[in-house]
Amino acid sequence: MRHHPTLIARRSVDLAAKLGKMPATGGNRVDLIFDYIVAIDRLVADINGARHSIRILVYIFADDAVGRRVADALGRGGEARRHRAGHV
């Protein structure tokens, strides 16, 4: 039996809130991405596009090209926000 994507997303949000004690907040959306490379591309794009803060519920870093790509994006995001805030 296949479930509707909206139902799967709702259940995923509920599970994340329960396990991570981080409920979804207004102004956000949930996209279920089943392709690994597409998911990493989206994660990096979202990090790069963050204007104020970045909150990641879970990400397991490996010392490989993908892990470094995500870490580099997080580092660039932190640097950019510090400069905008006047910190160096």
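The expected span of a helix is taken as 1.5 Å times one less than its number of residues. Helices (H or I, at least four residues) and strands (E, at least two) are DSSP runs, numbered from the N terminus. The model is a predicted one, in which local features need pLDDT of at least 70 and side-chain atom pairs count only at pLDDT 80 or more, while totals for chains, interfaces and linings use all residues. Residues are numbered from 1 along each chain as its sequence is written, and side-chain values use heavy atoms, with hydrogens and water left out.

The protein chain contains 3 helices and 0 strands, in the order α-α-α along the sequence. Of its 88 residues, 15% are buried (under 20% relative accessible area with a 1.4 Å probe, protein chains only; exposed is over 50%, and partly exposed lies in between). Among contacts (heavy atoms within 4.5 Å) with a separation of 6 or more, 48% join residues 24 or more positions apart.

For α2, the 14 residues should span 20 Å at 1.5 Å a residue, and the end C-alpha atoms are 20 Å apart, in agreement. Within α2, I40, V44 and I47 are buried. The buried residues of α2 fall within an arc of 60° seen down the helix axis, so they line one face of the helix; the arc is that of the directions from the axis to the C-beta atoms. An α-helix has 3.6 residues a turn, so residues three or four places apart point the same way.

L32 lies in the loop between α1 (5–20) and α2 (36–49). L32 is partly exposed, at a relative accessible area of 32%.
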